Amino acid sequence: MGARPDNSPPNEQMIKRNSLSPTEYGTFYSNYIELVPADITLRTALDDSAAVLTEYLTNLPEEKVNHAYASGKWTVKEALQHIIDTERIFAYRALCLGRHDETPLPSFEHKQYAVWADVTRREFERMIEEFRTVRKSTISLFNGFSESDLQFTGSVGGGPMSCRAMGFIISGHTYHHMEIFRDRY
């Protein structure tokens, strides 16, 4: 087992979105990163994106839960399941990166996950609670990382990814779906 070079707690300056370098993540993820306000910390981004989503979902009229804005598009329930599944995968990636694992991490096919996620039998309120639980777990995970853990960069889906960028991508992915909910549902 190797020695940890730095186990100090993260410096808030190190984990603001505007401190990220484009070399810390692949271009595919830049749209998610850019949805996070530039001057907020990772913790604030995780808290805020979760609060915005849960407020929207808990105030959504029951008749909208199974609504899709166009043929072939996900319902709100299906989109929420996608958000939950994606956060779990992204948090796993963050765990690997935060533990300085140099093993390249694969991409995943989110549409395949959606095909197999049967939300028709699920209660919407329980899904909202599941999202809250997953996000609390994600926040706990990031709270345990040191500064060097957050800065560690590995390979995800064939491109570079730092642990801290993964956290902002988690938040940005949530903001992305909030924009879709507000604009189209």
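Gln-81 is buried, with a relative accessible area of 8%; buried means under 20% relative accessible area, computed with a 1.4 Å probe on protein chains only, with over 50% being exposed and values in between partly exposed. This is a predicted model, in which local features need pLDDT of at least 70 and side-chain atom pairs count only at pLDDT 80 or more, while totals for chains, interfaces and linings use all residues. Residues are numbered from 1 along each chain as its sequence is written, and side-chain values use heavy atoms, with hydrogens and water left out.

Gln-81 lies in helix H3; helices are DSSP runs of H or I with at least four residues, numbered from the N terminus. Not counting residues up to four places away in sequence, Gln-81 touches Ala-117, Val-119, Arg-122 and Met-127, where contact means heavy atoms within 4.5 Å.

Two helix pairs are listed below. Axes are lines fitted to C-alpha atoms, for helices over the stretch in contact, and angles run from 0 to 180 degrees between N-to-C directions.

| Pair | Axes come within | Crossing angle |
|---|---|---|
| H3 and H5 | 10 Å | roughly 20° |
| H2 and H7 | 9 Å | roughly 25° |

H3 and H5 are therefore roughly parallel to each other, a class for angles under 35 degrees. H3 passes H5 in a left-handed crossing, meaning that the near helix is turned anticlockwise from the far one by less than a right angle. Gln-81 is one of the H3 residues in this contact, and the H5 side includes Phe-124, Met-127 and Phe-142. The residues of the contact of H3 with H5 comprise 14 nonpolar, 2 polar and 5 charged; Ala, Val, Leu, Ile, Met, Phe, Trp, Tyr, Cys and Pro count as nonpolar, Asp, Glu, Lys and Arg as charged, and the others, Gly among them, as polar.

H2 is likewise roughly parallel to H7, and H2 passes H7 in a left-handed crossing. Among the residues making the contact are Leu-46, Val-52 and Tyr-56 of H2 and Phe-168, Thr-174 and Met-178 of H7. By class, the contact of H2 with H7 has 12 nonpolar, 4 polar and 3 charged residues.

The largest nonpolar core has 33 residues, and those with the most contacts inside it are Tyr-25, Tyr-29, Phe-142, Met-161 and Ile-169. A nonpolar core is a set of buried Ala, Val, Leu, Ile, Met, Phe, Trp, Tyr and Cys residues joined through side-chain atoms within 4.5 Å. Helices H1 (30-35), H2 (42-58), H3 (76-98), H5 (124-143) and H7 (163-184) each supply at least two residues of this core, and H7 gives the most, with 7 residues. A second, separate core of 21 residues includes Leu-53, Val-119, Phe-124 and Tyr-185.

Key
Angles under 35 degrees count as roughly parallel, over 145 as roughly antiparallel, 65 to 115 as roughly perpendicular and the rest as oblique.
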